[in-house]
Structures are given as structure tokens and as C-alpha cells.
Amino acid sequence: MEDAFDSMILVSGPSFVRSGLKEQAFGDDVVMFVNSGGCEIQGKDCRIKFQGDAHFLGGDVIETNEIIAESGDHPLMYQSARYGDFRYMFDNLVPGDYFLDLHFAEIVNTNGPKGIRVFDIFVQEEKILSSFDIYAIVGANKPLQLVDIRVSVLHNQGVLIRFEGLRGSPTVSGICIRKAPVSTAAMINPELHLCTKCATEIEASPIQKKLQSRNVVQYEKKIQELTHECKMKSDECYEAWMSLTDANQKLQNVTMELDNMIFQNETLERAVGREMEKFKDVSDKYKKDKKLWSSTINNLEKKIKAIKEDHMQLSQEAHDCANSIPNLNSMITAIQALVAQSEDLKVKYNEEMGKRKRLFNQLQETKGNIRVFCRCRPLSKEEISSGCHAIIDFDSAKDGEIGTVAGGTTKKSFKFDRVYTPKDNQADVYADASPFVTSVLDGYNVCIFAYGQTGTGKTFTMEGTENNRGVNYRTLEELFKIAVERKDTISYSISVSVLEVYNEQIRDLLATSPSNKKLEVRQAAEGFHHVPGMVEAKVENMKEAWNVLQSGSNARAVGSNNVNEHSSRSHCMLCIMVRAKNLMNGECTKSKLWLVDLAGSERLTRTDVQGERLKEAQNINRSLSALGDVISALASKSNHIPYRNSKLTHLLQDSLGGDSKALMFVQISPSDNDMGETVSSLTFASRVRGVELGLAKRQVDTVEQQKMKQMLDKVRQESRTKDESLRKFEENCQHLENKLKEKEQQCRMLQEKNKDVASQLNSNAEIQSQLDRKQCQLMEKLNGKEEESMMLRQKIKDMEQRLKERQQIESVSLHEKVEELELKLNVQSHSENAAKEKVKELECQLKESMQFQLTLEQKVKELESKLREHKESDSILILHSADRSRIGTPAEAKGSSSDESTSDTDPGILRSSTSINRLMTGRVSILHRGISPSGIKRKGEREHRISVLADDTENHSAFSTNSVDNKTEPMEINRSRKLDQAKTYGRITRTAKVVATHKLFPHSRIKKDQQTGIGVKEKNKVRGWAR
């Protein structure tokens, strides 16, 4: 099998390697390595770099992701290839000798069979590989290398590699070009052969050349016959494989037809089942419709009776209406009295609403215009861990009293409107503050502010957290809730502003862009105070209001100190402006609600702040001191109230004056570390609680008073509408008469419908009879479908039986075909093996003939030396024969003259005669030396045997000498003579290997041999006599 694969190689030197590329096999002789069909790859050895696919003309690229077994150091190279009709041309190579290595892998036809991809390879337009089949050598997804293809490059010449497909498309995965070492072997002339003794080149005779050409022609014919037979066998295998695939395809088609028939049968059965279900549904529907129609008929009869009774009642009512028409004037006067009574009720309702509001406000005023609520936070985890304890006594908290404890005894107690313990939640706190929200909606100015030491929970009480809302959020929620409840009588417009007083500067927290313009408090013409340029965000619901609060809270200034990590460094003031309009009397009010989160009061010695924080603390204490001065002035009822001493008090002037309501939350800490600050806050709150602001006033919008006249016009308009309502009442009476007529018309229509129902009953009876007939027809169709299904089942069984028989027949025929193909393949393989054995026998015979040729050449030289020794004796014999011819008869003289003429005309004949005489002389000398005739006979037979072997040897030697590579350089004569017999024999055996590769010779040599002047018969004679 190996010899069969090697026979694909048509030149000496290259060989197959059944493994992948390994970099350790390379030295410094790599010139170029091309990854055919792939991209550039960096080798493990930095000296070797795999270029991307280049230097090609034609073909396509194909790739695979399958693993290439035994792929060596670079499996990626064998996963891509160039295929199709293509060639590679490598230019710009230095003149010299190179080795080409070609790398292959079958990655397309991974399932074979052998012979599906066969192609030839040409290098420099010389065929190197013939009928190359990758799959036959190594199979699929395995590498194969063809290495050591020697090629010579001349000046301005490149290397051309051409791939020509015989069956299928050629393919190659990689090409390597290496420098070839300088050859030391001598170039042997194909016209010469070497001597065994002196290693000189001896020219072959024309007869040897002619016999050599004949043998070459015979071998070429045999090779062509074998290749043709191999091609035919491969074609037969391919046809058998295609027939097998066709049979499999037909088998698949038959199975698909069978599946279709089974599917059709199943669909028919399903259709029959659906028809049966439809028939059952129709019968059930008929029964239900029958019951329904009977029940509807009964219901219609009952309705007809009821309609008759209604008709009687309507007729009675119509007569009553006709009788009551004379009393219409009395009804109109009664309606007018009712309208006047409703107007009085509206007036009384408005009066009662006003009294309720006045009583509610009086109740609030009796409790005090400035109400003070005290709230204490719980001890923090840090305070508990540091050993602090509570100093606040909550025993009388329900009565509004709170005390500070020092050393286990009550030191001082304070009285407030409400006291909240640490257990009270945000809802409890707001429950007492919610009445102030109602006052805002009623048109009163309200101020709610939180005061206390930093870190006592003022921001928590006013704002709260996302899960536990504070007073601000709950106040807005209550405002919108009450506004929705009163929307039928009062319309409200609510807008929100958020300010902060930071370092005695007013900042608008809703301003979208920072401005250098200072905001100042101004007094309007109506007498109230406002801040020009302040942003007022109008809100319609709680979601919009909360977004405004969040944006303002995020812009507020905060900082850290020794007391609170997130201390408020400014007074945050939320202003809610409410504009109300009474839809009943047109009265308008404009009120304002301030929700103030004051900055924490703190002692500078305790907070230990410096720089900017110190300035902030000083301004905070100054503004709180100004607030205390205002409270003191209000408590003492001083003529001058110092509102303008601080921006804070100036903004709260309207809310702290005599026409507003105020609520203060005093926030305290229970820790004994904050004892001084807590007592100070409670003392300030007690002073605030003692302030009497006087009666609060409603903030009536004077601008709206002019609209009262419009209200009078509306009242007049309402009187006109009442007149219109009386007119409509008369129209209603007329409408009732028209309805009576319509009822009579409906009664007539119902009577007609009764008749239609009776006719429908008759038609239903006819439909019932038709349905019965259809039911019979469906039963007949159902029976027919069942018969058809039985027939189809029988047909399917018959087809299945036929299909099984057909499959058995086809399988048997396929098995027979496969066996025939296997026999043919075995015969082919036997014939190939026989041809290989013949080639091997011929090679052995060639070697033996070469050995015989060498021995014969030695004997010929010995005979030539003996012939030189006997030249003198031959000349003496010739002289004696000449003397005898002179003395002899005239006939003999003629013979001698003819011999002389012959010798003159034909030197070849003369040479033959001399060789005969020499041979005779040699035999005579042998007899004179005493050799027996039997020995001479045996020697003659041996010489005849040697001559026969010499003929074969000459033929094979001529064939072998012509098969030497023409590209080797000639060797110097002196070195050729120094070759020994072993080297000469080795060269002969290498030429014998070339014979097995079917190397062809040009016909010009045969013609040259045919043009020699000596005939074949004469040469044989000369060779016979010479021996």
C-alpha cells in the first residue's frame, strides 16, 4: 500500500509525511511559509512566521472548526485551505536551489469515499504528483505533508505551483519554501553509464538505447492501462455509491408517502369525530332551542297580559291627567312657593356656616392666639452608650405640664398647651395642629414654627422622613383634602414658596438659576408684607406640592458641628398662599400659612466652631435673639415691636401681629448634657405662650367686592331661569300626553308581535322537521365515512405490506450490488498488487542485469587486452593467407580480391572478419595450451549464456541511465575515476527506483538511435564475434 502511494510521486527526492507540522524540524533555511486560505500566524519559534494567504491566482477559501488529529504545533493551519482551480507564483526569490513543502488536509469530504477528490500538482510546469488523493492516504481531518520537492530558480524567474483537478477540486493548506543545500553529487549524462572499476563514463551503444526506449514504451503502456483500469474502478465505485444514495432517497420518499397516508387517515378520523361532535351539538342545540322557544312563548303570553293591564292603567292615568289639567294654575303657584322657600333655606344655610366659622375661631382665640406645643425626643444610641440619662419628667404630660429633674428631685416645671412624650408619633403631633389648616382655608393668616436647640428634632417634626411624614407634608395633604370636599361651594388656588434666611440674607430655594440680586421684604399697598421676585409655584395636587418641597429641601444649607453632624445652618420658611372664592355669595379671601423650621440655637463655647461656621452660628443666634425681642415686646404690649431687627422677624410680621394665628413647637433634648439648653428653650417657650396677639382678622380680598354687583345680576338671571322652568313644566305635561299616545301605539305593536310569534312557531315546527331530515342525512353520511375509513385502513395495510416487500427486494439487490462492488474492489486490489509485484521483479532483474553488465564489461576489457597481445600473430596469418592467394587458383584469387574490395568499401565488415580471426586464433591458442574440447564446449555455452544476459543488461542499463535527473551538475573527470565499486552500485540502485516511478523519456533520443549507420543484425554479429 505504501508503494502505491509513493507511485503518485513522479520525481525522485520528495516523500509523504503523515503528521502535522513541527517547528523543531526546521532550521535557519526557511525562506517563506504561506498559510493558504488563512490569516497570519506567529510561530512558537520567532524565526518562523506564517504569512497570510498571498501569491495566489484563482480559487476560493474554505474553513472548518473541527479538530485536526495529529496536527503538530499549528493546528489552525490545517483548519483553512484554498480550493478550486488555482496556482501560486512566488517571485523575487534569489537564484539558487530550494525545497518546497506542501501541507494538505481533507476538511470538506469528511465522509469520503476514496477517489472523490483527485488532482495533479505541477512545479515549474513539470508534473510532480499524479492522481493525488488525500482521503485515500490519511483519511479526513488528518494532516499530510509532501516534503523535499527540489526546484531550481534562475535569474528573473519565480517558482510556479499549479494545481489541476482530475475529479473534484484541488486543495492545499500551506506552502513552505526552504533553501536547499548545495548538491555534491555529480550530474550524470543520461547518454553515459559508469565503469565498475575506474568509474569512468562510457557511452551507451545505439542498440542499448533502442532497447531502452522500447522498454520505456512498454512500461508506459502498462502504466497507462493500469491507471485507466483504476480510473474505471473508481468510477464504478462512485456510480455504485450514487446508486446507493438514490436507493436511500427513494426509500425515504416511500416512507414519507407512508407517513402522509397515515396522517391523512388520522385527519379523516379526526374529521369524522368532529362531524359526530357537530351532529351531537346540533341535536343538543335543537333540544335546547325547543325548550327555549316553548319558554319564550309562555313568557310572551305573560307579557301580553301584563301589557294589557299596563294599557288599562295608562288609559286610566290619561283620563286622570285630562281631569287634572284645570288645576294647573294652582300647581304653578305651589311650585313658586317652594322656590321661595328654597331661597330662604339657602340664606339660612349661609348664616349657619358663618356662625360655625365664628364659633370655631372664637374657640381657638379663647385658647390663645399663640399656642405652644412641647415635644421631647428620645435618647440616642450614642447618648445611651456614653452613660447619659433623662432629666425630663412626663408624669403630668397629659395636663400640659413638664418638669426637669436634677438629682432625683423636680427642679422646675413648665406649663404648655400640649406636651408630647418620646413615644408620641407624627400623627399625634399633627392631630393637634390640624385645626390651624381649617383657619387658613377660612381666610386667616397662620404661622407654625419649630424652635429649639440643634439636634432636638425640629426638622424631623416639620419635614419628617419618606415613611414618617412631618407637619409640612400632612398640612398640604389636609389642605388639598378639604379643598376637594368644598369644591362645590368654594374654589381654592394654592401656591407654594420656599425661602431660607442664611447669614441674614433671604435666599429663594426654588430659583432655577443663581442670581446676585438681593431679596428684600416690602410692604404692599394693601398693607401686607411680601418679597418681590420670589418664586410662587402653583400646585394642583399633593404630588406637585411634594416635588416643590423636595427641591427646596435639597437646596437648603446644612453643616456639621460637635453637637449635630447634619445641623441646619439657616431658617427654612415654607409659605403656602391660599386664594379662596365663595361660589354662593362671591366672597374672596387671601390667606397665608408660614411653616418655619428655625435653625438650632447653640452656644459657641459648646459647638467649638470656627471660620464660616462661626459666622453662621453668630447670625443664627442674632436672629433668634431678635425673635425673642419681638416676643417680649408683644408680651409687654409695647408700642414699638422691633420686627425689622432681623430678616426672620420681618418676614413673620404678618403672622406674629394681632390679625393672625400662631403655633410654636418647642423641641427639647432629654439628656443631662443638654440641661442648660433645654431649660433655656422651655423658658423662652413659656414667655411665647404668655403673648396675647388679640383677635385674628379674616383677610378679605377687597378687589373682589366689586364683583358683588355681578352676583345681583346673577340673582336676576336666576329669576328668569325660574320662569323658564315653569314653561318647561307645561311642556312636560304636554310630553306626558304624547307618551300616553306612544304607549297606545306600543300596545298595538305588541299585538302585531304576538301574531308574528305565532307565525314563527309555525316556521319553527317546519325547521324542526327539516332538522330531522338533516339528521337522517348526516347519519347516512356518517355511515359512508365509516365505510371509507375502513377501506382506507385496508389500503394502508396493503401499502405497508407492499412497502415491506419492496424494501426487502431493494435491500437484497443493494446487498448484491455491494458484494459485487466489494468483489470488483478485491479484484482491482489484487491486480494492483500483481502490478506492484511485477514492478518489483523488474527492478530485481534490472539490478541483476546491471551486475552482469559490470562483469561482462570486465571480461570484454580482458578480451581486448588479449586481442592486442595477438595482433602480431594475426598479422602473420594475414600475410600467409595473402601468399597463398597469389600461389592458389584464379577462383581463390577472385575471392581474395573480393575480400580486399570488401575490406576497402566496408570497414565494419573488415573489423568483423578480424574479430573472427582473433577468436579463432584464441581458440587455437587454447588448444595449443592443452585445453580439452569438452572444456571449450562448456566455455562456449557459458559465453552464450553471458551474451543473452548481456542483452538484457544492456536494455536495462540503457533504461536506467536515461532516468537520471537532468538537473544535477556534471562531475569532474578526476573525481569520477576515484569512485569505488560500492558507490557505483548505489547509484545504479537509485536509478532503479526511478524506473518504478514511471518516468517518461523524450522521443528524440529514440530517433537519434534509429539514425545510426549500423543495423541491428550486424551489431548482434559484432557482439557475438567479440565475445
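**Strand pairing, a helix face and aromatic contacts**

Strand S24 (residues 490–502) runs antiparallel to strand S31 (residues 571–582), and 12 bridges join the two; helices (H or I, at least four residues) and strands (E, at least two) are DSSP runs numbered from the N terminus, and two strands pair if DSSP finds at least two bridges between them. The model is predicted: local features need pLDDT of at least 70 and side-chain atom pairs count only at pLDDT 80 or more, while totals for chains, interfaces and linings use all residues. Residues are numbered from 1 along each chain as its sequence is written, and side-chain values use heavy atoms, with hydrogens and water left out.

Leu499 has Met573 as its bridge partner in S31 and Asp508 as its partner in S25. Strand S25 (residues 505–508) is antiparallel to S24 and joined to it by four bridges. These two strands form a hairpin with two residues between them, and Asn503 in the turn has a positive phi of about 55 degrees. Three bridges join S24 to strand S28 (residues 537–539), also in an antiparallel arrangement, where Ile494 stands opposite Val539.

In helix H7 (residues 426–433), the buried residues include Gln426, Val429, Tyr430 and Ala433. These residues lie on the same side of H7, because they cover an arc of only 90 degrees around the axis, taken from the directions from the helix axis to the C-beta atoms. Elements in contact with them (heavy atoms within 4.5 Å) include strand S18 (370–376), helix H10 (471–485) and strand S33 (660–668).

The structure holds 15 aromatic pairs, in which rings of Phe, Tyr and Trp (its six-membered ring) have centres within 6.5 Å; planes under 30 degrees apart count as stacked, over 60 as edge-to-face and the rest as tilted. Phe104 and Phe132 form an edge-to-face pair, at 4.9 Å centre to centre and 65 degrees between the planes. This pair links distant parts of the chain, with Phe104 in strand S9 (residues 96–105) and Phe132 in strand S11 (residues 126–132), 28 residues apart. Phe104 is buried at 0% relative accessibility, and Phe132 is buried at 0%. Ring pairs also link Phe56, Phe86, Tyr88, Phe90 and Phe163 into a cluster.

Notes:
Buried means under 20% relative accessible area, exposed over 50%, partly exposed in between (1.4 Å probe, protein chains only).
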